[in-house]
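Here is a short report for a first look at a structure. Have the sequence and the model at hand.

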Amino acid sequence: MRIIVYSAIGMLLAGSFFFPQTKDLIEQNPDFAAYRIIAINIAFARMLIEGFVLRHKQRKTDQQLETLVELKSTNSDLIQDREEKIKTINELESSMTQLKQEHGSLQKQLNDETAEKKALKLANSDLTQKLNHLEIKTKNNITVQGEEAISFLSQLQQKGRFLDFIMDDVTSYSDAQVGAAARMVHQGCQTVMKECFHIEPVRDLQEGEAISIDKNEPASEYRLLGKVKDEPPYHGTLLHKGWATDKINLPKSQRFGETQKHVITPAEIEIM
């Protein structure tokens, strides 16, 4: 606005030279021309100064504008960087949440495995204890069964002289002597067998008779020979009627001393 005013003043002062009244005024007053020139110079100087000032302000304004643009660009970069950092932080928080969930799942799995391990350890300890107990029981049972078998042999020896007959070398005896000894052994051993077992035939038929076996018959009661089909019924001839028992009454076990040998029948000694 000031440039416009100063320009207008300068134009008026410069143009006043061409107006007749102004020209006459200058000729009548010579000093006025000098004043006019001074005024014009002052006006143009002022305009020049204002131009430099405005130029300086314009440059400053341009610099400020450039600075603002740079600041805006920097601010935009900072905002974008901030948004990226926020996005990264959100992703890290999401990953951390997922890791916490996985950690919780793994911790639960570890607790379950620990509990399962404890349960297996207890079960193993219980199983070991049962196995030890079963081993002791089995050993005791084997010992009892062995002692019962020895007692059974002792009865056969005592009442039928079974071991004397079996363990003796009968090749040097005649058939009559062997037959007489066998009769005595047969009677004594039969008595012991009847006392200890209730023995009866598996099939009460005469050997050589025809026999049929259907699928309901217990397989353990028969031993099939010859051309055997895959499935019953079977038809054949009875070769041996078999034997079975439904009662076992073995003699009670007896301890004959703590030795390495299991005594079936003690040696008999007549004291003189």
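In which helix does Leu65 lie? Leu65 is part of helix H3, residues 30-160. Helices here are DSSP runs of H or I with at least four residues, and strands are E runs of at least two, numbered from the N terminus.

This is a predicted model: local features need pLDDT of at least 70, side-chain atom pairs count only at pLDDT 80 or more, and totals for chains, interfaces and linings use all residues. Residues are numbered from 1 along each chain as its sequence is written, and side-chain values use heavy atoms, without hydrogens and water.

Buried means under 20% relative accessible area, exposed over 50%, and partly exposed in between (1.4 Å probe, protein chains only). The Gln157 side chain reaches the backbone nitrogen of Leu163 at 2.9 Å.

Arg161 is in the loop between H3 and helix H4 (162-167). Arg161 is not a glycine, yet has a positive phi of about 50 degrees. Arg161 is partly exposed, at 36% relative accessible area.

## One aromatic pair

The whole structure holds 1 aromatic pair (ring centres of Phe, Tyr or the six-membered ring of Trp within 6.5 Å; planes under 30 degrees apart are stacked, over 60 edge-to-face, the rest tilted). Phe152 and Phe197 form this edge-to-face pair, 5.7 Å centre to centre with 85 degrees between the planes. Phe152 is in helix H3 and Phe197 in strand S1 (residues 197-201), 45 residues apart. Both Phe152 and Phe197 are buried.

Methods: A polar contact is a pair of N or O atoms within 3.5 Å; within protein, one must be able to donate a hydrogen and the other to accept it, and residues adjacent in sequence count only if both atoms are side-chain atoms.
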